[in-house]
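Here is a short report on one protein model. Start with the sequence and the structure below.

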Amino acid sequence: MNNPITSWIKSGMEPYGARERGMVDRVAETSINAQKLVDERMGPVKASNQWRKTSKSRDFDHFYLGHSAFKGKDEGCSNSFKAVRYYENEGAKYRDELLKEVAQQ
């Protein structure tokens, strides 16, 4: 008498031969894809990953804006010395205003 759970598990398992045939197919497909990559890289038309390479000789001369309302202003250039200088100056002004209020009390 067979165990029904074991029979159910065995019925869902793939046989060893099918697994081996699948592995042979995967190896062949990988080999073909690798050869395609080599052929495309050495091909006469386009270089490999040509869309990632840029031929521009340009330094980083543009900034990312934190908000469109700050466009064209010193505070708008994120991660720049202009923005740091602006916010340091604004912080110093606010600190001076607070010190004046405290001195008046």
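## Lys93 and its partner

Lys93 counts as partly exposed, because its relative accessibility is 49%. This value comes from a predicted model. The Lys93 side chain meets that of Glu90 in a salt bridge, at 3.4 Å from N to O. Glu90 is also assigned as partly exposed, at 31% relative accessibility.

Both residues sit in helix H3, which covers residues 81–104. Glu90 and Lys93 are three residues apart there, so about one helical turn separates them.

## The other salt bridge

How many salt bridges does the structure hold? It holds two.

## A nonpolar surface patch

Ile5, Trp8, Ile9 and Met13 make up a nonpolar patch on the surface. Together they present about 490 Å² of accessible area.

Ile5 belongs to helix H1, residues 4–12. Is Ile5 buried or exposed? Ile5 counts as exposed, because its relative accessibility is 54% and the cut-off for exposed is over 50%.

## Overall fold and surface

The protein has three helices and zero strands. Along the sequence the pattern reads α-α-α.

Of the 105 residues in the protein, 5% are buried.

Note on methods:
Residues numbered from 1 in each chain as written. Predicted model: local features only at pLDDT ≥ 70, side-chain atom pairs only at ≥ 80, totals over all residues. Heavy atoms only, no water. Patch = residues over 30% accessible without salt bridge, like charges linked within 9 Å, V, L, I, M, F, W, Y side chains within 5 Å. Areas by Shrake-Rupley, 256 points an atom, 1.4 Å probe, with all protein chains shown as cover. Salt bridge = Lys/Arg side-chain N within 4 Å of Asp/Glu carboxyl O. Helix = DSSP H or I, 4+ residues; strand = E, 2+ residues; numbered from the N terminus. Buried < 20%, exposed > 50% of the residue type's maximum accessible area, 1.4 Å probe, protein only.
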